[in-house]
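Keep the sequence and the 3D view side by side.

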Amino acid sequence: MDIRDGSSVRAFYKNSFRSPTFNDLYYTFVGNAQLKPEDVQQWNLGVSWQPNMNRFWKQLLIQIDAYQNRVNNKIMAVPRQNLFQWSMMNVGRVHVTGIDASVAWESNWHRHAQWYARGAYAFQQALDRSDPASPAYNQQLPYTPLHTGSGMLGYRLRQWFFHYQFMWSAYRYRPGDQVPDNFLPGWQTHDARIG
């Protein structure tokens, strides 16, 4: 549905199904032949805004989506005895709530020199709702950060360019209780290029 020239609102509901892959089932030391298929009910509501070009931007696009997923038999990988031996398993019921936001911009200041930038942020709360008697009940899934993001900034002058980008992921926990011993700090990467 268009709410203004270059802007829109979107919404959907779907029920999707995912069978375990051959590797999920049978890959040496990792596969689990007892895996059940994953069933997901998904709701999504999103908006996009793209105003007309002006002297500050050739392109500007802002998008935000909020979603909720109800997952039965979520398929995920977890370590077995150590971090070098992982195996596939089902998590009975998972409730996922999240927000994805992104922005893309390109300058319109000069024909031969352009700035451009992109950024994205995601919030994802993935809670284990399988067994109320379990210590993991209503806790964030292992190895699943609440926050992630990325960004990029670049400059072009005729055939020359400068490009910088980063990726960021917040803390997460290993399997087990969410105590300091199972805490894994966040990480980030930075890359720059010139040519």
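Start with charge. The chain carries 19 positive and 13 negative side chains. The centres of these two sets are 9 Å apart. Here Lys and Arg count as positive and Asp and Glu as negative, while His and the chain ends are not counted. Each charge is placed at NZ of Lys, CZ of Arg, CG of Asp or CD of Glu.

A word on the basis. This is a predicted model, in which local features need pLDDT of at least 70, side-chain atom pairs count only at pLDDT 80 or more, and totals for chains, interfaces and linings use all residues. Residues are numbered from 1 along each chain as its sequence is written, and side-chain values use heavy atoms, with hydrogens and water left out.

Now the fold. The chain has 1 helix and 11 strands. Both are DSSP runs numbered from the N terminus: helices (H or I) have at least four residues, strands (E) at least two. Along the sequence the pattern reads β-β-α-β-β-β-β-β-β-β-β-β. The radius of gyration is 21 Å, well over the 16 Å that the globule rule gives for 195 residues, so the chain is more spread out than a compact globule. That radius is taken over C-alpha atoms, and the rule is 2.2 Å times the number of residues to the power 0.38. The C-alpha trace spans about 60 × 40 × 35 Å along its principal axes.

Next, surface and packing. The accessible surface of the chain is about 12,600 Å². Carbon and sulfur atoms hold 58% of that surface. Areas come from the Shrake-Rupley method with a 1.4 Å probe, and for residues only the protein chains shown count as cover. Of the 195 residues, 29% count as buried. Buried means under 20% relative accessible area, exposed over 50%, and partly exposed in between (1.4 Å probe, protein chains only). Of the contacts with a separation of 6 or more, 58% join residues 24 or more positions apart. A contact means heavy atoms within 4.5 Å.

Turn to the aromatic rings. How many aromatic pairs does a search of the whole structure find? It finds 8. One of them joins tyrosine 171 and phenylalanine 183, stacked at 5.5 Å centre to centre with 25° between the planes. Rings of Phe, Tyr and Trp (its six-membered ring) pair if their centres lie within 6.5 Å; planes under 30 degrees apart count as stacked, over 60 as edge-to-face and the rest as tilted. Tyrosine 171 sits in the loop between strand E8 (160-169) and strand E9 (172-173), and phenylalanine 183 sits in strand E10 (residues 183-184), so their pair ties together parts 12 residues apart in sequence. Tyrosine 171 is partly exposed at 37% relative accessibility. Phenylalanine 183 is partly exposed as well, at 36%.

Phenylalanine 183 also pairs with tyrosine 173. Their centres lie 5.7 Å apart and their planes meet at 75°, so this pair is edge-to-face. Tyrosine 173 belongs to strand E9 and phenylalanine 183 to strand E10, so the pair links parts 10 residues apart in sequence. At 19% relative accessibility, tyrosine 173 counts as buried. Tyr171, Tyr173 and Phe183 form one aromatic cluster.

Move to the loop between strand E6 (113-128) and strand E7 (147-157), where proline 135 is found. Proline 135 is exposed, at 61% relative accessibility. Its C-alpha is 9.3 Å from that of glutamine 178, 43 residues away in sequence. Arginine 129 lies in the loop between E6 and E7. It is partly exposed at 23%. Beyond its neighbours within four places in sequence, arginine 129 is in contact with Arg93, Val94, His95, Tyr137 and Asn138. Asparagine 138 is in the E6 to E7 loop too. Its phi is near 65°, a positive value in a residue other than glycine. Asparagine 138 is partly exposed, at 35%.

Arginine 158 also has a positive phi, near 50°. This residue lies in the loop between E7 and E8 and is exposed at 58%.

Finish at isoleucine 194, in strand E11 (residues 187-194). Is isoleucine 194 buried or exposed? It is exposed, with a relative accessible area of 69%. Leaving aside neighbours within four places in sequence, isoleucine 194 is in contact with Phe161 and Phe162. Its C-alpha lies 6.3 Å from that of histidine 163, 31 residues apart along the chain.
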